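Student: I want to learn to read a model feature by feature. Please take me through this one.

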Amino acid sequence: MAVRQAARVNSISGLCLTKLDVLDGLEQVNICTAYQSCDGGTLAPLSADDYEQLQPVYETLPGWSESTVGIKRVEDLPANARAYIVRIEELTGVPIDIISTGPDRVETIVLRHPFEA
């Protein structure tokens, strides 16, 4: 996966997941896990031009109907939203440290502060 490679190359120690609330109400949520070339092989694109000839490969997860807007504790998120977060962590190999659950700054879950050890 491109994000996993970027995290490794750039020594990323945590991710911020923004706009979780815009996924509320979707029956399913897709995560792009790879790209397939015209000949059917999968690969990680090396340049922007490589994307023109590729089709995304998606992993589909169940969505959630409950609202996440303004939630401030990860434990209070719908189970499927938590599963989505865990799957992103698994696929990228990087923990999600901050989750945005609304447009206001206070609508944020901070699991690990990015400037603290």
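Student: Where does S11 lie?

Tutor: S11 lies in the loop between α1 (2-10) and β1. Helices (H or I, at least four residues) and strands (E, at least two) are DSSP runs, numbered from the N terminus. Residues are numbered from 1 along each chain as its sequence is written, and side-chain values use heavy atoms, with hydrogens and water left out. This is a predicted model: local features need pLDDT of at least 70, side-chain atom pairs count only at pLDDT 80 or more, and totals for chains, interfaces and linings use all residues.

Student: Is S11 buried or exposed?

Tutor: Use the cut-offs: buried means under 20% relative accessible area, exposed over 50%, partly exposed in between (1.4 Å probe, protein chains only). S11 has 61% relative accessibility, so it counts as exposed. Check its backbone too. S11 is not a glycine, yet its phi is positive, about 55 degrees.

Student: What is the phi of K19?

Tutor: K19 has a positive phi of about 60 degrees, and K19 is not a glycine either. K19 belongs to the loop between β1 and β2. Its relative accessible area is 53%, so K19 is exposed.

Student: What is the overall layout of the protein?

Tutor: Along the sequence the pattern is α-β-β-β-β-α-β-β. That comes to two helices and six strands. The C-alpha trace spans about 45 × 35 × 20 Å along its principal axes. The protein has 117 residues, and 31% of them count as buried.

Student: Which strands form the open sheet, and in what order?

Tutor: Start from the pairing rule: two strands pair if DSSP finds at least two bridges between them. Here three strands form an open sheet in the order β1-β5-β6, with mixed pairing. β1 and β6 (108-110) are the edges: each has a single partner strand, so one side of each lacks a neighbour in the sheet. Neighbouring strands are turned by 20 degrees against each other on average, direction ignored. For such values, axes are lines fitted to C-alpha atoms, for helices over the stretch in contact, and angles run from 0 to 180 degrees between N-to-C directions.

Student: How many bridges join β1 to β5?

Tutor: Three, and β1 and β5 run parallel. C16 stands opposite I98 in β5. I99 has I109 of β6 as its bridge partner, and S100 stands opposite T108 in β6.

Student: How many residues of β5 are buried?

Tutor: Five of its five, so β5 is mostly covered.

Student: Which residues touch the most other members of the largest nonpolar core?

Tutor: The general idea comes ahead of the case. In soluble globular proteins, nonpolar side chains tend to be buried together. A nonpolar core is a set of buried Ala, Val, Leu, Ile, Met, Phe, Trp, Tyr and Cys residues joined through side-chain atoms within 4.5 Å. The largest one has 18 residues, and L17, L20, W64, L77, Y84, I85 and I99 touch the most other members. β2 (28-36), α2 (79-92) and β5 each supply at least two residues of this core. The largest share, five residues, comes from α2.

Student: Where is the place of T68?

Tutor: T68 is in the loop between β4 (55-62) and α2. With 0% relative accessibility, T68 counts as buried. T68 and T101 are 33 residues apart along the chain, and their C-alpha atoms are separated by 5.9 Å.

Student: Is G93 buried or exposed?

Tutor: G93 is exposed, with a relative accessible area of 51%. G93 is in the loop between α2 and β5. Its C-alpha atom is separated by 20 Å from that of V29, 64 residues away along the chain.

Student: Which residues lie nearest the centre of the largest pocket?

Tutor: Rolling a probe the size of a water molecule over the atoms shows where empty space is left. On a 1 Å grid over the protein atoms alone, a cavity is a set of points where a 1.4 Å probe fits but cannot get out; a pocket is an open set with protein on both sides within 12 Å along at least five of seven lines, and lining residues have an atom within 4 Å of a point. Here 15 residues line the largest pocket, and S100, G102, P103, D104 and T108 lie nearest its centre. β1 (15-17) and β5 (96-100) are the elements giving two or more residues to the lining. The largest share, three residues, comes from β5.

Student: What is the lining of this pocket by class?

Tutor: Six residues are nonpolar, four polar and five charged. Ala, Val, Leu, Ile, Met, Phe, Trp, Tyr, Cys and Pro count as nonpolar, Asp, Glu, Lys and Arg as charged, and the others, Gly among them, as polar.
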